[in-house]
Amino acid sequence: MTGPKHTLATRAVHGGQAPSTGDPVVTPLVQSVNYVEEIGTAEGLRYPRYGNTPNAEHVQRRLASLEGTEAALVLGSGMGALACGMLALLRPGDHLLASEWIYGGARRLFAEEFPRLGIATTMVDPTGSREWRRHLRRETRALFLESPSNPACRVIDLAPLRRLASGQGVALVVDSTFASPINFRPIEHGADVVIHSATKYLNGHNDVLGGVVLGTTSYIEEVRQKMMMWGQAPDPFACWLLERGLKTLDVRVQRQNANAMELATWLAGQTDHSGRTVSRVHYAGLASHEDHETARNQMSGFGGMLAFELSGGGIAAERLLKRLTLIRNAPSLGGVDTIVSEPRYTSHAHLTADERAAAGIPDGFIRMSVGVESAADLIADLQGALGAQTS
């Protein structure tokens with residue numbers, strides 16, 4: 001079986017395999033709901049809702065190999081993974097400390113749904129370890145953050161949070177969707193649990209909805225029980241597509257890293273023009289970015305996600321998006337196609353303009369998921385749209 005001694009690129013293709021003579025090179029799709037059960041025992045029972053069918057087990061072993069965890073569980077969506085993963089840690093009366101810089105759906109889960117279950121949440125500025133410590137309670141059971149964050153691409157230093165979580169005996173949970181295991185492996189930096197929206201980089205082709213939770217074997221079994229109860233198991237075909245996507249994960253992400261660096265550098269150069277067309281670029285690969293050193297020390301690559309702000313606000317953003325011809329406006333990310341989106345109409349639409357601005361997402365903020373196309377073509381598309389809207 002391919003193990004940690006192999007490179008990530010190799011584990012993405014072969015991780016979790018134990019091949020023998022006569023096995024197919026491509027994992028077969030087993031699109032079956034029912035499996036013959038042995039009479040007189042519950043041992044070996046297979047059922048898709050249990051997450052133990054052949055395609056699920058195969059891709060779960062590969063994902064655990066990539067992240068360096070004991071076990072992994074694939075669920076039906078990223079939000080399903082987040083909800084089941086956190087509910088496996090938290091009980092009524094518990095308290096969660098969470099970063100303020102998180103996906104809008106995660107914020108709503110913590111702020112609106114968890115209180116109904118008797119779970120309190122406090123949001124904190126993730127860059128200050130004193131803030132995390134100041135809001136700790138006797139009932140605190142977990143710390144949660146995204147790194148890089150959605151949508152502002154901030155990179156959070158895990159070192160002080162690892163020390164805090166370890167000293168207090170609480171779980172450190174990291175959503176690493178924006179990075180993928182190629183760029184960042186939170187377990188290596190002291191995290192206890194890793195969560196991904198598999199819809200994004202892990203699949204990479206915009207044709208699968210899924211989520212992943214990774215951690216110890218005992219913890220993943222707790223998550224499995226939540227998944228079974230709440231019906232969050234994925235279809236076998238989704239697992240098959242996810243496993244196929246993982247084979248090109250390293251190739252795709254390395255190209256996306258390089259393209260994003262080129263685009264971020266070019267966009268940063270547009271801030272010197274008269275009228276400051278691009279007022280700010282959010283990409284940790286830029287030396288001017290506030291998290292650049294943290295990203296250099298903590299990540300293997302700066303990622304394929306970036307964001308930029310237009311000085312003309314929401315009107316300028318809409319004009320830009322209408323004039324793009326290659327880059328498309330769509331809400332997801334992490335695929336081979338370059339797409340852009342406005343968080344005010346997607347992940348953070350439930351917030352007011354003032355609330356978004358306070359969170360660092362003013363009108364005119366555009367999130368970009370950089371694909372694998374020619375960087376020159378992408379820049380030309382942006383240049384045409386920016387030039388047209390300011391002419």
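The model is predicted: local features need pLDDT of at least 70, side-chain atom pairs count only at pLDDT 80 or more, and totals for chains, interfaces and linings use all residues. Residues are numbered from 1 along each chain as its sequence is written, and side-chain values use heavy atoms, without hydrogens and water.

**First stop: helices 3 and 8.** Select residues 78-87 for helix 3 and residues 217-230 for helix 8. Helices (H or I, at least four residues) and strands (E, at least two) are DSSP runs, numbered from the N terminus. The two axes lie 8 Å apart, at an angle of about 120 degrees; this makes helix 3 oblique to helix 8. Axes are lines fitted to C-alpha atoms, for helices over the stretch in contact, with angles from 0 to 180 degrees between N-to-C directions. Oblique covers what remains after under 35 degrees (roughly parallel), over 145 (roughly antiparallel) and 65 to 115 (roughly perpendicular).

Next, show the side chains of Cys84, Gly85 and Leu87 in helix 3, which meet Tyr219, Val223, Lys226 and Met227 in helix 8; contact means heavy atoms within 4.5 Å. These residues divide into 5 nonpolar, 1 polar and 1 charged. Ala, Val, Leu, Ile, Met, Phe, Trp, Tyr, Cys and Pro count as nonpolar, Asp, Glu, Lys and Arg as charged, and the others, Gly among them, as polar.

**Second stop: the largest pocket.** Stay with helix 3, which, like strand 6 (193-197), gives two or more residues to the lining of the largest pocket. Of its 25 lining residues, Met79, Tyr103, Asn150, Ser197 and Lys200 lie nearest the centre. The pocket holds about 440 Å³ of space, and its lining has 10 nonpolar, 11 polar and 4 charged residues. On a 1 Å grid over the protein atoms alone, a pocket is an open set of points with protein on both sides within 12 Å along at least five of seven lines, a cavity is a set where a 1.4 Å probe fits but cannot get out, and lining residues have an atom within 4 Å of a point. Grid points are joined across faces, edges and corners, and a volume is the space filled by probe spheres set on the points.

Select the stretch between strand 4 (140-146) and helix 6 (158-168), where proline 148 is placed. The peptide bond from serine 147 to proline 148 is cis, with omega near -10 degrees.

Pro148 and Cys153 are among the residues lining the largest cavity, which include Phe178, Tyr283 and Met305. Its volume is about 50 Å³.

**Last stop: helices 2 and 9.** Select residues 54-67 and 236-246, whose axes come within 8 Å and cross at roughly 35 degrees. Helix 2 passes helix 9 in a left-handed crossing. Among the contact residues are Val59 and Leu63 of helix 2 and Trp240 and Leu246 of helix 9.

How values were computed. A crossing is left-handed if the near helix is turned anticlockwise from the far one by less than a right angle, and right-handed if clockwise.
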